[in-house]
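Open the model in your viewer and keep the selection tool at hand. The stops below say what to select and what is there.

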Amino acid sequence: MLDAATASANDAQMLCEDIAQQLFPRAQRAPSEAILASTRLILQNLVQAIEAKLGTSSDVATPLSWDMLSRSGLLREAALLEFALARMAEHHISQRLETGGAAFLTQLPNRLLESDDPLVAECARKLLIAQNAAQIRSPESFLRQLPADVLHLLVWRVVAVFQMDGSRSAGNLIASGNQLLAAHDEAAAVHATAAKLVYFLPEEERGSLLNPKDCGLALYASGLAHDYRLPHDRILRFIDEEDVAPLLLMLRGRGHQAQAALAIVQHLRGHRSDDHLLPDLLVQYEALDPEAARSEVLGWRLAAAPVWKAG
């Protein structure tokens, strides 16, 4: 009875917080049911992959630690949710783009495989390998793309749940967690391999970063991330999510003329329900000073910095 009463007392406060979050959301656009379901699925995939590495997984579809992690608020990390939203954006954009055939073979990463600079050729090879692995969209694939600091946070929270359960050896859990973290190579993830190639890209090839048709999605997003000092995942979301204004502002900051910007928007985003707004937006676009646009976007990096919550 004591436990039940305490749980209900705690629930009373948490219910108020949950209702407040739904009644008074801070974002201008409330997430759809599809976004919520996809976010939950990606997070469950991550937890499932960690449990498999820890040797605690089972045949049950939902990860064993999921209920405790979700109810305790241990998954309410902005960095985790950003990762999930970016993987959705990446998938949507990739589905719209042509990913095979002659167009893919002539894109920058494939061309650079023949570079005279061995370092550039190796960077291009690693990017193509990372992209190929990420297309599988399995729990293991999601885990490989996770930034090391976010993985560290999530692994020890999963370990903590099983330690509280007491059914498994704490020493074995900690050893498995350390082994998982030691084996994780963030440098092999798509965002990291793309950033490295952008950094070492020869000057004569840097113009290709301005055209997603020429350089491909990963390098295009990485080029924008490099220019504006924003996270790769935030760039993917700006490209895919409903409001086109952030993408247009980044393009104006790069000095694109209106018709060139429109071609990039249509290539990356396809047809959208708000396309009828584009003519008015392009009039505003042409009137906007590129330096003012660039300065505005550079200010976004403060809002994009990860904020960690206490466990």
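Start by selecting Tyr199, which sits in helix α11, residues 190-200. The model is a predicted one. Tyr199 has a relative accessible area of 60%, so this residue counts as exposed.

Next, show the whole of α11 and pick out Val190, Thr193, Ala194, Leu197 and Val198, which are buried. These residues lie on the same side of α11 because they span an arc of only 140° around the axis. In an α-helix there are 3.6 residues a turn, so residues three or four places apart point the same way. To see what the buried residues of α11 pack against, display α4 (78-96), α7 (118-134), α8 (139-145) and α13 (217-228).

Now move to helix α10, residues 170-183, and select Ser176. Is Ser176 buried or exposed? Its relative accessibility is 18%, and the cut-off for buried is under 20%, so Ser176 is buried. Leaving aside residues up to four places away in sequence, Ser176 touches Lys53 and Leu54.

Finally, color the chain by pLDDT. The mean for the protein chain is 88, and 89% of its residues reach 70 or more. Confidence is highest in α11, at a mean of 97, and lowest in helix α5 (residues 101-105), at 57. Where pLDDT is low, the predicted coordinates should not be read in detail.

Note on methods: Residues numbered from 1 in each chain as written. Predicted model: local features only at pLDDT ≥ 70, side-chain atom pairs only at ≥ 80, totals over all residues. Heavy atoms only, no water. Helix = DSSP H or I, 4+ residues; strand = E, 2+ residues; numbered from the N terminus. Buried < 20%, exposed > 50% of the residue type's maximum accessible area, 1.4 Å probe, protein only. pLDDT = per-residue confidence, 0-100. Arc of directions from axis to C-beta. Contact = heavy atoms within 4.5 Å.
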